[in-house]
Amino acid sequence: MIDQLSWKVGGQQGEGIDSTGEIFAMALNRLGYYLYSYRHFSSRIKGGHTNNKIRVSTSETRSISDDLDILIAFDQETIDVNVHELRDGGVVIGDSKFNPTVPEDLNVRLYAVPFTEIASELGTSLMKNMVAIGATSAVLGLPVESYLEVVEEIFSRKGAKVVEKNMEAIQKGADHFNELSGGQIDGFQLNKADGKKRMFMIGNDAIALGFVAGGVRFMAAYPITPASEIMEYLIKKLPEFGGTVIQTEDEIAACTMAIGANYAGVRTITSSAGPGLSLMMEALGLSGMTEVPLVVVDTQRGGPSTGLPTKQEQSDLMAMIYGTHGEIPKVVMAPSTVEEAFYDAVEALNIAEEYQCPVILLTDLQLSLGKQSVEPLDFSRVEIRRGKLDPNQVLPETDDKDGYFKRYEVTEDGISPRVIPGMKNGIHHVTGVEHDETGKPSEVAANRQKQMDKRLRKLQNLKFNVPVVKQAPHNEADILLVGFNSTRGVIEEAIPRLEAEGLKVNHAHIRLIHPFPSDEIRPLIESAKNVIVVENNATGQLASILKMNVGQHEKIKNLLKYDGNPFLPSEVVMKCKELV
Amino acid sequence: MATFKDFRNSIKPNWCPGCGDFSVQAAIQRAAANVGLEPDDLAVVSGIGCSGRISGYIKSYGFHGIHGRSLPIAQGVKMANRDLTVIASGGDGDGFAIGMGHTVHAIRRNIDITYIVMDNQIYGLTKGQTSPRSDVGFKTKSTPEGSVESAIGIMELALTAGATFVAQSFSTDLKELTSIIEAGINHKGFSLINVFSPCVTYNKVNTYDWFKEHLISLSTIENYDSSNRMMAMQTLMENKGLVKGIIYQDKVKPSYQDLAHGYSKEALAKVDMNISEEKFNQLMAEFM
């Protein structure tokens with residue numbers, strides 16, 4: 001019996017590869033296994049190789065595995081591209097339709113099952129996915145009934161007959177495999193899972209759920225990979241709360257519309273990826289200058305330009321910290337797990353309103369789209385804090401000669417009282433031009449300095465929950481591994497392997513990218529012999545930020561990957577050993 | 001009840017003496033009072049350029065945004081609080097060059113705001129370059145040999161984009177301009193009001209006198225029917241767009257807010273932001 005295995009299904013895009021993986025994963029998630037799935041896909045609707053790699057485990061996992069136990073192939077290309085990932089003795093199940101072959105020098109077991117033929121006999125070749133799932137169950141030794149609940153949910157609206165046919169397809173797939181293999185094959189049976197109920201969701205789902213719970217009632221956005229799921233979820237859910245989503249003409253409109261709505265008092269967000277964020281840069285400056293709260297999600301993908309739209313990368317870091325001309329207060333937060341993505345989405349809204357500035361919620365494609373088992377979220381941790389805004393407040397008349405409210409009053413903490421349009425005695429002016437305390441344009445040097453200082457002072461006392469996730473058991477470490485966003489899973493998996501080789505390894509995962517939590521991380525850097533920064537980009541952006549803020553240049557080393565694919569645990573282990 | 005004086009503040013506009021924008025400002029203030037608004041019911045959102053400064057010259061909630069983006073900001077304000085009257089404003093460069101994408105989409109989206117463009121057919125604040133409204137042959141700093149690009153027929157374009165309220169006016173006709181702005185505010189949907197507002201400093205062709213000579217009032221056209229889109233288009237094309245009055249109005253089509261599925265009848269800014277634990281658990285269960 002084993003505690004984890006990896007399964008991959010591949011074929012041409014548009015062939016139902018996603019739904020095959022989805023049904024398999026959902027059924028196992030319900031049994032209480034921890035799932036982690038990562039899709040390899042291209043920027044096209046039909047055609048082109050696609051695959052979905054799913055890790056099944058009896059304990060929590062947040063990373064794709066080094067190798068593969070079972071490969072389901074709907075075409076020969078899937079075998080050619082992925083067969084070398086299979087472990088010794090791994091299983092390939094291919095549709096007999098294409099006469100699957102495997103390289104002779106590999107020790108893998110090939111079974112040709114007539115996926116399409118069985119499905120066609122049952123009425124439609126579309127059900128070939130189900131046949132494949134059935135064959136998989138036979139390898140794992142899972143009863144076919146495990147899928148019934150999920151199949152019913154998906155197909156019941158098409159009628160009982162369709163449910164029955166799909167279940168039959170699964171059964172026939174299992175039967176056919178058992179016939180070929182002559183019974184159970186060893187080494188693929190998972191230990192029983194704990195049976196607990198968990199969600200099966202992507203990072204984008206968690207962020208969108210966080211926004212709904214955190215009081216977002218309007219969104220303006222433009223579709224883009226890998227951010228669109230956030231928009232799609234809110235399109236479905238916001239009307240239940242009186243809210244709505246506008247799909248704008250471009251990301252400039254999305255960001256400025258969100259600014260307009262936030263100014264008018266509704267928590268409004270936008271989400272995009274690198275190209276969209278590039279278009280929003282001027283608007284981010286407007287939010288900073290006018291002190292209108294704004295939360296923007298940047299789901300990083302391969303850049304530059306259109307880059308690798310469907311691939312993993314973490315190369316927007318510097319652009320998010322420094323992007324927009326001039327100098328503004330801005331917060332950049334980077335959740336490292338799906339759970340954190342939920343809580344951080346809520347917190348980003350609070351921080352934006354409390355500090356009246358733009359907040360970038362940074363993720364990466366692997367975190368945004370990697371689908372995984374997630375423990376139920378804690379509703380008691382959801383709170384709405386609006387800082388110095390009370391929309392129900394009765395304002396006194398002001399002493400300004402025009403009756404204008406001091407929306408940009410210079411205060412000790414730099415944060416001014418905030419009012420929203422419609423409030424009596426709250427009239428003020430808002431402008432991206434430098435302005436005085438009531439918002440009227442002003443080029444007076446002394447005023448300029450006061451207002452700049454006021455704005456930039458706001459984040460000096462930023463309260464942020466766990467800016468750095470530290471797993472640091474060693475007082476003096478051989479290696480401090482540093483990362484942000486989705487690399488947390490792969491680093492956590494690499495550490496025990498490095499420790500097994502006698503290395504003392506600490507881990508710091510940065511959750512607050514800007515303002516940089518230097519004091520939090522400095523002691524860990526100082527007490528480590530080597531600092532290795534693991535990041536999916538080509539220039540070592542996080543490493544540069546560490547050097548800039550903490551120094552210790554000689555210790556800080558880059559561990560980079562920028563081929564579009566997430567790190568594997570073995571790559572981190574191997575390169576760490578090379579570097580020390 | 002507020003009078004137009006309540007929409008005034010003490011700021012002296014930085015427009016040149018004789019600029020058409022002064023009258024537009026006055027017309028907005030009068031129209032706001034005439035339709036019964038209080039200053040805190042009104043949000044004026046403006047773009048960048050000479051005319052973009054207008055949000056600071058009217059006593060109301062004012063938002064002076066970035067170049068070309070007054071419309072998305074204004075639409076955001078209205079979506080957040082449908083109880084507010086929202087006026088977007090700016091120049092022809094702001095709305096029909098850098099902001100043209102937003103203009104077309106705001107027209108077809110039909111959110112209930114009023115967009116007033118101060119059209120002087122030139123870039124004034126940057127000291128005299130061609131605008132998308134400049135005529136062919138128009139000589140400016142950026143077109144020393146005369147513009148070779150066609151001027152945008154913005155009224156015609158608005159009609160084809162699905163506009164529900166299209167009007168044009170002239171800044172010296174304060175009374176007519178005021179009544180058109182009132183009609184725009186009262187219109188349930190997006191209203192586009194293009195106002196010829198001469199630049200006395202940089203545009204020596206399209207002057208006050210030039211407009212007096214060339215503009216035709218729709219009130220002088222017999223049996224003109226502003227609910228007839230074909231007639232509107234034909235009249236515009238026959239007169240090279242140089243007409244004034246309410247060119248077209250569709251009083252039937254509902255606004256975006258009335259069509260948006262599930263969108264709150266109560267101003268969103270006033271809706272409770274919290275969700276119940278029961279609802280939250282239900283949302284979580286959908287992922288299980």
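**Briefing: helix packing, an open sheet and the A–B contact**

Helix α15 (residues 487–500) of chain A packs against α18(A) at an angle of about 50°, and their axes are 8 Å apart. The model is predicted. Chain A also holds an open sheet of five strands. In the contact between chains, 61 residues of chain A meet 49 residues of chain B.

**Helix pair α15(A) and α18(A)**

- The crossing of α15(A) past α18(A) is right-handed.
- On the α15(A) side, the contact uses A:V490, A:I491, A:E493, A:A494, A:R497 and A:L498. On the α18(A) side, it uses A:P569, A:V572, A:V573 and A:C576.
- By class, this contact has eight nonpolar residues, two charged and no polar ones.

**The five-stranded sheet of chain A**

- The strand order is β16-β18-β17-β20-β21 (chain A), and the pairing is mixed.
- The edges are β16 (468–471) and β21 (556–560) of chain A. Each has a single partner strand, so one side of each has no neighbour in the sheet.
- On average, neighbouring strands of this sheet are turned by 20° against each other, direction ignored.
- Strand β20 (residues 528–535) of chain A pairs with β21(A) in the parallel sense, over five bridges.
- A:E535 has A:L560 of β21(A) as its bridge partner.

**Helices on the sheet**

- Helix α17 (residues 541–550) of chain A packs on the sheet. Helix α17 touches β17 (477–483), β18 (505–510), β20 and β21 of chain A.
- The direction of α17 makes about 140° with that of β20(A).
- Helix α18 (residues 569–579) of chain A lies across β17, β20 and β21 of chain A. Helix α18 runs at about 150° to β21(A).

**Helix pair α9(A) and α10(A)**

- Helix α9 (residues 251–263) and helix α10 (residues 274–290), both of chain A, have axes that come within 8 Å and cross at roughly 30°.
- α9(A) and α10(A) are therefore roughly parallel to each other.
- α9(A) passes α10(A) in a right-handed crossing.
- α9(A) makes the contact with A:E251, A:I252, A:C255, A:T256 and A:I259. α10(A) makes it with A:G276, A:L279, A:M280, A:A283, A:L286 and A:S287.
- Seven of the residues in this contact are nonpolar, three are polar and one is charged.

**Where chain A meets chain B**

- 61 residues of chain A are in contact with 49 residues of chain B.
- Elements of chain A that each supply at least two residues to its side include β7 (199–202), α7 (203–213), β8 (218–221), β9 (244–247), α9, α10 and β15 (429–431).
- The largest share of that side, nine residues, comes from α9(A).
- The chain A side divides into 34 nonpolar, 14 polar and 13 charged residues.
- β15(A) runs parallel to strand β2 (residues 61–64) of chain B, joined by three bridges.
- In this strand pair, A:V430 stands opposite B:F63 of β2(B).

**Domain records**

- UniProt, in an unreviewed entry, lists residues 14–174 of chain A as "domain: Pyruvate/ketoisovalerate oxidoreductase catalytic".
- Over residues 14–174, chain A is 40% helix and 23% strand, with end C-alpha atoms 24 Å apart.
- For chain B, UniProt lists residues 48–195 as "domain: Thiamine pyrophosphate enzyme TPP-binding", again in an unreviewed entry.
- Over residues 48–195, chain B is 32% helix and 22% strand, with end C-alpha atoms 17 Å apart.

Terms used: Residues are numbered from 1 along each chain as its sequence is written. Chains are lettered from A and ligands numbered from 1 in the order in which they are written. This is a predicted model: local features need pLDDT of at least 70, side-chain atom pairs count only at pLDDT 80 or more; totals for chains, interfaces and linings use all residues. Axes are lines fitted to C-alpha atoms, for helices over the stretch in contact, and angles run from 0 to 180 degrees between N-to-C directions. Helices (H or I, at least four residues) and strands (E, at least two) are DSSP runs, numbered from the N terminus. Angles under 35 degrees count as roughly parallel, over 145 as roughly antiparallel, 65 to 115 as roughly perpendicular and the rest as oblique. A crossing is left-handed if the near helix is turned anticlockwise from the far one by less than a right angle, and right-handed if clockwise. Two residues are in contact if their C-beta atoms, placed from the backbone, lie within 7 Å. Ala, Val, Leu, Ile, Met, Phe, Trp, Tyr, Cys and Pro count as nonpolar, Asp, Glu, Lys and Arg as charged, and the others, Gly among them, as polar. Two strands pair if DSSP finds at least two bridges between them. UniProt positions are given in the numbering used here, feature names are shortened, and annotations may be inferred rather than shown by experiment.
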